[in-house]
Amino acid sequence: YRFGVVLHVDNGLAAERRLEEAGRREKTIVITAYGSAENAVEALKAGAYDYLTKPVDLKQFRAVVASALGRGGPAVPTMDPSTLPSESGAPPTPRP
């Protein structure tokens with residue numbers, strides 16, 4: 001298993017796109033302190049397996065990693081982008 005750290009959002013999304021375009025099978029989990037609905041959607045569209053915001057709940061992190069490794073857990077992202085604030089400053093609008 002490979003683990004990597006990318007510190008800048010733009011570089012992280014670019015790296016995600018390059019992995020996807022190259023047909024790489026590694027699964028990536030974006031972890032950010034500056035989460036927004038737009039960034040979450042962009043990361044998931046770029047191929048991220050999941051998108052977590054800091055502080056990361058350890059139980060959730062373990063579940064996402066286990067799922068990414070095929071060891072159970074949900075096979076869908078745990079992040080609902082609508083629960084994050086918008087970059088435009090609009091408040092989150094959770095789904096009913």
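1. Surface. In this predicted model, the protein chain has an accessible surface of about 6800 Å². Carbon and sulfur atoms account for 56% of that area. Of the 96 residues of the chain, 26% count as buried.

2. Overall build. The chain's secondary structure comes to three helices and two strands. Now look at the contacts between residues at least 6 apart in sequence. Of these, 49% join residues at least 24 apart.

3. The core. Which residues make up the largest nonpolar core? There are seven: L13, A37, A40, A43, A48, Y51 and L84. Helix α2, residues 37-45, gives the largest share of this core, with three residues. In soluble globular proteins, nonpolar side chains tend to be buried together.

4. A nonpolar patch outside. Some nonpolar side chains lie on the surface. I31, L58 and F61 form a nonpolar patch there. Together they have about 240 Å² of accessible area. Take F61 as an example. F61 sits in helix α3, which covers residues 58-68. Is F61 buried or partly exposed? F61 counts as partly exposed, because its relative accessibility is 30% and the partly exposed class lies between under 20% for buried and over 50% for exposed.

5. The salt bridge. How many salt bridges are counted? The count comes to one. The partners are R24 and E26, whose side chains meet at 2.7 Å, N to O. R24 has 40% relative accessibility, so R24 counts as partly exposed. E26 has 29%, so E26 counts as partly exposed too.

6. A cis peptide bond. Check the bond from K54 to P55. This peptide bond is cis, with omega near -5°. Why point it out? Most peptide bonds are trans. Where is P55 found? P55 is in the loop between β2 and α3, with β2 covering 50-53.

7. Places to look. Find the cis bond from K54 to P55 and then helix α3, residues 58-68, with F61 in it. Next, pick out the salt bridge of R24 and E26. Finish with the seven residues of the largest nonpolar core, among them Y51 and L84.

Conventions
Residues are numbered from 1 along each chain as its sequence is written. This is a predicted model: local features need pLDDT of at least 70, side-chain atom pairs count only at pLDDT 80 or more; totals for chains, interfaces and linings use all residues. Side-chain values use heavy atoms; hydrogens and water are left out. Patches are made of residues with over 30% relative accessible area and no salt bridge: like charges are joined within 9 Å, nonpolar side chains (Val, Leu, Ile, Met, Phe, Trp, Tyr) within 5 Å. Accessible areas come from the Shrake-Rupley method with a 1.4 Å probe; for residues, only the protein chains shown count as cover. A salt bridge is a side-chain nitrogen of Lys or Arg within 4 Å of a carboxyl oxygen of Asp or Glu. Helices (H or I, at least four residues) and strands (E, at least two) are DSSP runs, numbered from the N terminus. Buried means under 20% relative accessible area, exposed over 50%, partly exposed in between (1.4 Å probe, protein chains only). Contact means heavy atoms within 4.5 Å. A nonpolar core is a set of buried Ala, Val, Leu, Ile, Met, Phe, Trp, Tyr and Cys residues joined through side-chain atoms within 4.5 Å.
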